[in-house]
Amino acid sequence: MTPLIVAGARLDVLDRIRDHEVALAIWRRALPPHLSDWLAGQDAGALPRGHILASSTDIVAALCHIFEQGGVTQNDERRSLLADIARLAIRFSMIMAAPAIDIRLDVITGDACWKFHRDRVPARLVTTYRGAGTQWVAPVDAAAALQQQRTFSGNLLTLLPQEVAIFKGSIAEEDMGIVHRSPPIAGSGETRLLCVIDPESAASPELWRP
């Protein structure tokens, strides 16, 4: 069976990842301009970063903890960003029927996870709030991308900044996992703010408690 890729302009397109034949669901969206402009204007050190495991009922409080630890400026844009991440995490917890959610915010200035790979998770939500989006290949090109890596010259697809995607991983089914990578940006001067949301796993930190 050829894995399906689905995309749409509504949040509920992400629910399609529960369909057995769907390997990637993409929500085609963009943040309000005022929030995008605020994110673009922040120094890398002022962007939120952290890794936390929270119960589905503590997601907002856990994100507040990450933002406070990082000293993110208290303003309307911070509240909007936190609310957006919380909405995605809560939706993902419902889709995956997961009682605890692993949330990671990474500020990236180099070549992080530049190798083509499949995630060792049942499914993973990713969105890039600032900077270039995740790169991926269609299932027909997966074997070539995994083998050729930096020399891969096939059809390379890229999520737009702020689009939201849920990728099935190889734990779901080996051939269903979508092959993807972080865009190589070393030396470009670019800063990315990446949000990754997973179900709880052995790689998760200890459960955060208020």
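Which kind of link do the side chains of R124 and D119 form? In this predicted model, the side chains of R124 and D119 meet in a salt bridge, at 3.0 Å from N to O, and both residues are buried. R124 also forms a salt bridge with D198, where the closest N and O atoms are 2.7 Å apart. This second pair links distant parts of the chain, since R124 belongs to strand β5 (residues 123-130) and D198 to strand β10, 74 residues apart; D198 is buried, as is R124.

The structure holds 10 salt bridges. Among them is the pair of D15 and R91, with 2.9 Å between the closest N and O atoms. Because D15 lies in the loop between β1 (4-8) and β2 (22-27) whereas R91 lies in helix α3, the pair ties together parts that are 76 residues apart in sequence. D15 counts as buried at 19% relative accessibility, while R91, with a relative accessible area of 23%, is partly exposed. Elsewhere, R29, D84 and R87 are linked in a network of salt bridges.

| Salt bridge | N to O distance |
|---|---|
| R124 and D119 | 3.0 Å |
| R124 and D198 | 2.7 Å |
| D15 and R91 | 2.9 Å |

On the surface, V60, I90 and M94 form a nonpolar patch with about 270 Å² of accessible area together. V60 is placed in helix α2 (residues 59-69), and at 42% relative accessibility V60 counts as partly exposed.

Three strands form an open sheet in the order β7-β6-β9, with antiparallel pairing. β7 (157-158) and β9 (180-181) stand at the edges, each with a single partner strand, so one side of each is left without a neighbour in the sheet. Two bridges join β6 (residues 135-136) to β7, and Q135 stands opposite T158 in β7. Q135 is also one of the contacts of S182 beyond its neighbours within four places in sequence, together with A112, C113, W114 and R192. S182 is found in the loop between β9 and β10 (192-199) and counts as buried at 10% relative accessibility.

Note on methods
Residues are numbered from 1 along each chain as its sequence is written. This is a predicted model: local features need pLDDT of at least 70, side-chain atom pairs count only at pLDDT 80 or more; totals for chains, interfaces and linings use all residues. Side-chain values use heavy atoms; hydrogens and water are left out. Two strands pair if DSSP finds at least two bridges between them. Helices (H or I, at least four residues) and strands (E, at least two) are DSSP runs, numbered from the N terminus. Patches are made of residues with over 30% relative accessible area and no salt bridge: like charges are joined within 9 Å, nonpolar side chains (Val, Leu, Ile, Met, Phe, Trp, Tyr) within 5 Å. Accessible areas come from the Shrake-Rupley method with a 1.4 Å probe; for residues, only the protein chains shown count as cover. A salt bridge is a side-chain nitrogen of Lys or Arg within 4 Å of a carboxyl oxygen of Asp or Glu. Buried means under 20% relative accessible area, exposed over 50%, partly exposed in between (1.4 Å probe, protein chains only). Contact means heavy atoms within 4.5 Å.
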